[in-house]
Amino acid sequence: MTSTLLKSPRIHTPKIHRLPNGLTIIAEQMPVEAVNLNLWVNIGSAVESDDINGMAHFLEHIVFKGTNKLASGEFERRIEEKGAVTNAGTSQDYTHFYITTAPKDFAELAPLQIDVVCNPSIPNDAFEKERLVVLEEIRRSEDNPRRRIHRHTVETAFNVLPYRRPVLGPEAVISQVTPQQMRDFHNTWYQPNSMTAVAVGNLPVEELIEIIANSFEQKNQTPTVNSQPKIISPEPAFTEIIRQEFTDETLNQARLIMLWRVPGLIELQDTYALDVIAGILGHGRTSRLVHELREERGLVSSISVSNSNYKLQGIFSISAKCDVENLAIVETAIIEHLQEIQTELVKESEITRVQRRVANRFIFGNETPSERTNLYGYYQSLIGNLEPAFNYPQEIQSQTENYLIQAAQKYLPTNAYGIVIVKPN
């Protein structure tokens, strides 16, 4: 059955179609001379056991190395011949593979993309060659100061949740995993009921759906057991200040990251007020922390605020670059701003600024087929519901001064948080 999402008149009007095998197809016609197909698998590094940590990302590389129908290299050759582009990405909660083609080539190329994702042969020789590529990617990541700091941050934020582990996996694990372990991983998790296929572009919706559905009917089904991620609970909020210090000789300035455990996407309604608070504190030159600590007092060279939501839990973080001698002053100033936002009503002009910024980013950030498929695939894959993809600006506009105070008091205590400090050596 095909249904159109209806709530109020809106620009976005995708149709949802579900196949008997569990696959969800989302399609929308858009008057631009391109079509983007984005295959979302709601499986990322979070489902991995420690002994195969990094497998989801490694598999992302291997799927392009051929199927029973496509020899290694043939997929890329046929894509390039048509001037199409393809790529992929892996996170903790999902993996997605996308291709952008001319409308006239979609019926030919989309089934190829679906074939490589659903039916990779995972040959031993290609596995060993790509292992070297992935190991080099891991080494480059470890040499990247920004990624090292991120690792310190997530390891401080989470004690138990698998989000604390690297998506790429450690070198010791990737060096030892086998092709058969990867085949088992793919057979277990890459099933239609774990996938969402999103197509947006200049073809009729029914044609987009038909092309995708026909391609998935040819998927080599493999019976599987235990293909549901094990249930893990969010971690409790910090009950005290947890302080971690590191040194990094590659830095010119110190880094200060303060963080709180906050709701994830499974508690979506609780995240909107925190998004607004993040905007008030640290988005744009007129935001509170940027204005005072960088523009007025010159205590930091940069400062930013983020409310990052994984599926199970989120991290609200405030990150600053400053001289070592200013670390304590900056931390104290941040705490004072948080105390203020917990006790005093936010100015209407500040909320309006954030609301306008969010609305503009939503409108201007969803103008291309690939942007639309990312929007739809993200929400459908992670929470099984497209409505938040459309309602986000309205949700932000509905946040009142009292909601913000309550959220700040509940989730951002000034006497219990994690803090990571990284100093130049």
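Before starting, I noted the cut-off: a residue is buried when its relative accessible area is under 20%. I also kept in mind that this is a predicted model.

**Entry 1: the helix.** I looked up helix α1, residues 55–62, and found eight of its eight residues buried, so the helix is largely enclosed by the rest of the structure. I wrote down the buried residues: Met55, Ala56, His57, Phe58, Leu59, Glu60, His61 and Ile62. What covers the buried residues of α1? My list of the cover includes the strands β5 (85–90) and β6 (95–101), along with the helices α4 (124–142), α6 (171–174) and α7 (179–189).

**Entry 2: the sheet.** Next I turned to an open sheet of five strands with mixed pairing, and I read its order as β8-β12-β9-β11-β10. Which strands stand at the edges? They are β8 (242–247) and β10 (302–309); each has a single partner strand, so one side of each is left without a neighbour in the sheet.

Entry 3: I then followed β9 (residues 254–263) and β12 (residues 418–423), which run antiparallel and are joined by five bridges. For leucine 256, I found isoleucine 421 as the bridge partner in β12.

**Entry 4: helices on the sheet.** Helix α5 (residues 145–157) packs on the sheet and touches β8, β9, β11 (313–322) and β12, with its direction at about 40° to that of β9. I also found helix α11 (residues 327–343) packing on the sheet, where α11 touches β8, β9, β10, β11 and β12. The direction of α11 makes about 30° with that of β9.

Conventions. Residues are numbered from 1 along each chain as its sequence is written. This is a predicted model: local features need pLDDT of at least 70, side-chain atom pairs count only at pLDDT 80 or more; totals for chains, interfaces and linings use all residues. Side-chain values use heavy atoms; hydrogens and water are left out. Buried means under 20% relative accessible area, exposed over 50%, partly exposed in between (1.4 Å probe, protein chains only). Helices (H or I, at least four residues) and strands (E, at least two) are DSSP runs, numbered from the N terminus. Contact means heavy atoms within 4.5 Å. Two strands pair if DSSP finds at least two bridges between them. Axes are lines fitted to C-alpha atoms, for helices over the stretch in contact, and angles run from 0 to 180 degrees between N-to-C directions.
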